[in-house]
Every structure is written in structure tokens, then in C-alpha cells.
Amino acid sequence: MDFLVGVTLAILFIIFLFIIRLYSVVKNGSKYHPGAKGPVTVLVVAGSGGHTSEILRLMESLSEAYMPRHYVIADTDGMSEEKIYTFESSKQHSEKPQFTICRIPRSREVYQSWSSSVISTLNALWYSFPLVFRLRPDMVLCNGPGTCVPLCVAALLLGILGMKKVLIVYVESICRVQTLSLTGKILYPVSDYFFVQWSSLRDRYPKSIFLGRIV
């Protein structure tokens, strides 16, 4: 019995330290300025359909300092890869490509049940951790697809382990006028910069940043 009590207390202590470290990483994120000493490696999460179109319009406004660019799409996404190649081919000014496209399992399909979503999200996490740990981006840029949740979790873990602080920049879709998307609600507490495109959302979520229509 004493052994079980000891193990339980040890686990609770580890969880407590994990929460404290998570709070520290999220709290101090705005003090981190990637690119101060060179290019910014950015991991861009593209979703199917409108998400990809919006994220690529955002990418148009980024300078050449944001490279290399690592795009991540769901393995069932059959449209985004061609859009990304078309977009990047118009930007390349050298023979050496400055971008990659990676695929991970989708964490949740449209209309997928919540119970099965838990399993698929854990599967996506399994692929996200080694990918993010290998790429070690300075910033994760995402705008709503569920695929970005496991990737942001992996990015947070890099900071919690003291390996590298990764900024999480979330831009809510322009179609969200009154409420955040499910992905937005999940990432709102941990994002370093959380942008909304309607003042009504800024009023409801004080941490968010409203700069007008971004895309």
C-alpha cells in the first residue's frame, strides 16, 4: 500500500511539474523573437479546401526570411499538394527548393464521431512528434484544420523539454464571425499569437488580436 501511495504521489508531482513548465513556456512565448539571428523556419499546416487557400494567401505576405517552409497536410488530402507546388513555383528564385511537403494522418475527419476521434488524434500525435522534433521549426503557422492540433502539441513539448521554444501562431478562419472553431477553442489558451478577422470575436476573446481582414 505504501508503495502505491508513493508511486501515485510521484506521478502527481511529475504532472504538477509538467503543468508548471507548460505555463512557463506559454507565458514567456511572446518574449521569444525568431529570426533575430537569421531565417525563420516555419511549419505551415494546410487543410483541405478553403483552409489551404487561406493559408497560402497568408504566405504571400511573408518575406523571404521565412524559410525553409515545411508544409504539413493530411494523408487523405488530395488537393492541397498541387496548390502548394503551384504557389511555391511562383516564388522560387533559385534552383534549390526552399520548401518541403509532409503528410501525417488526419486527426479528425468531417462528421467523425468523438469517440473514434480520440484514437485517430493519438495516431496523428504518433506521427507528429518525430516530424516536429526532426524539423525543429521556429514557428508553427495554422488556421483551423484539425491536423494542426497534434503538431502544436508536439511543438509545445519541444519547449517543455527545454529543447527549443516554438512560436504557435494561429489565424482563425474568416468564416468564423461569432464563435471560434473547435480547433481555435483548443489552441486559444496555448497560442503565442491568436488572430481573428472579426471584431466581434476580439470582444469575446480578449487574448486575440484583430487587425481587420487578413485573408
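**An exposed isoleucine and an aromatic cluster**

Ile119 is exposed, at 61% relative accessible area (buried is under 20%, exposed over 50%, partly exposed in between; 1.4 Å probe, protein chains only). The model is predicted: local features need pLDDT of at least 70, side-chain atom pairs count only at pLDDT 80 or more, and totals for chains, interfaces and linings use all residues. Residues are numbered from 1 along each chain as its sequence is written, and side-chain values use heavy atoms, without hydrogens and water.

Ile119 belongs to helix α4, residues 114-135 (helices are DSSP runs of H or I, at least four residues; strands are E, at least two; both are numbered from the N terminus).

Now turn to the rings. The whole structure holds 6 aromatic pairs (Phe, Tyr or six-membered Trp ring centres within 6.5 Å; planes under 30 degrees apart are stacked, over 60 edge-to-face, the rest tilted). Tyr170 and Phe194 are stacked, 4.9 Å centre to centre with 20° between the planes. Tyr170 is in strand β5 (residues 167-171) and Phe194 in strand β6 (residues 193-196), so this pair ties together parts 24 residues apart in sequence. Tyr170 is buried at 0% relative accessibility. Phe194 is buried at 1%.

Tyr188 and Tyr205 pair edge-to-face, because their centres are 5.4 Å apart and their planes stand at 70°. Tyr188 lies in the loop between α6 (182-187) and β6, Tyr205 in the loop between α7 (199-204) and β7 (209-210). Tyr188 is buried at 16% relative accessibility, and Tyr205 is buried at 15%. Tyr170, Tyr188, Phe194 and Tyr205 form one aromatic cluster.
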